[in-house]
Amino acid sequence: MEAVRIILSAFWVALMFLYQQGDVQRLYSGDFIPGEVELGEMMSPEMLWLVSAITMTIPVVMIILSLTLPHNANRWANIIVAILFFVYTLNGVRMYPSAYDRFLLIVSLGGNALTVWYAWKWV
């Protein structure tokens, strides 16, 4: 198996763990996100949980796709999804007030940037 496939897959594993770590720390600390309160007024709790589940499932799917898709489709899937997650995460940085959340989000931004870079340079 090509090394780049494994590297891209590892980036998605790391991203998944970073997001999960932030969620777990937020639950234990009792922190809430002002944006979630605003979204809660627009969406039902079930819809919020669905959006959360979809968001957390995408990296899992990307782990598998990074290892199995043909080269060109793999390359573009990683570039597009990593850019989408970069924008999604960048938007979240200003919503999270705690230092640990911001740290984890900044690290995940770096992971997304590296995912795009590795996929872009993969020929």
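These legends walk through several close-up views of a predicted model.

**View 1. Helices α4 and α5 pack side by side in opposite directions.** Welcome to the first helix pair. Two packed helices are described by the angle between their axes and the distance between the axes. Here, helix α4 covers residues 71–93 and helix α5 covers residues 99–121. Their axes come within 9 Å and cross at roughly 160°. Angles over 145 degrees count as roughly antiparallel, so α4 and α5 are roughly antiparallel to each other. As for handedness, α4 passes α5 in a left-handed crossing.

**View 2. Helices α1 and α4 run roughly parallel.** The next view keeps α4 and brings in helix α1, which spans residues 3–29. The axes of α1 and α4 come within 12 Å, with a crossing angle of roughly 25°. That angle makes α1 roughly parallel to α4, because the cut-off for roughly parallel is under 35 degrees. The crossing of α1 past α4 is left-handed.

**View 3. R26 joins D23 and D101 in a salt-bridge network.** Now for some side chains. If you look for salt bridges, you will find three in the structure, and this view shows two that involve R26. In one of them, D23 pairs with R26, and the closest N and O atoms are 2.9 Å apart. Both D23 and R26 sit in helix α1, three residues apart, which is about one turn of the helix. R26 also forms a salt bridge with D101, again with the closest N and O atoms 2.9 Å apart. D101 belongs to helix α5 and R26 to helix α1, so this pair ties together parts that are 75 residues apart in sequence. Through shared partners, the salt bridges link D23, R26 and D101 into one network. D23, with a relative accessible area of 25%, is partly exposed.

**View 4. E2 and R5 meet in a salt bridge.** This close-up turns to another charged pair. The side chains of E2 and R5 come together with an N to O distance of 3.8 Å.

**View 5. Five nonpolar residues make a surface patch.** M47, L50, V51, I54 and I58 together form a nonpolar patch of about 390 Å². One of these residues, M47, is found in helix α3, which covers residues 45–68. M47 counts as partly exposed because its relative accessibility is 37%, and residues in such a patch need over 30% relative accessible area.

**View 6. T57 of helix α3 and M16 are 8.6 Å apart in space.** How many residues separate T57 and M16 in sequence? They are 41 residues apart along the chain, while their C-alpha atoms are 8.6 Å apart in space. T57 has a relative accessibility of 40%, so T57 counts as partly exposed.

Technical notes. Residues numbered from 1 in each chain as written. Predicted model: local features only at pLDDT ≥ 70, side-chain atom pairs only at ≥ 80, totals over all residues. Heavy atoms only, no water. Patch = residues over 30% accessible without salt bridge, like charges linked within 9 Å, V, L, I, M, F, W, Y side chains within 5 Å. Areas by Shrake-Rupley, 256 points an atom, 1.4 Å probe, with all protein chains shown as cover. Salt bridge = Lys/Arg side-chain N within 4 Å of Asp/Glu carboxyl O. Helix = DSSP H or I, 4+ residues; strand = E, 2+ residues; numbered from the N terminus. Buried < 20%, exposed > 50% of the residue type's maximum accessible area, 1.4 Å probe, protein only. Axes fitted to C-alpha atoms, helices over the stretch in contact; angles between N-to-C directions. Parallel < 35°, antiparallel > 145°, perpendicular 65-115°, else oblique. Left-handed = near helix turned anticlockwise from the far one by under 90°.
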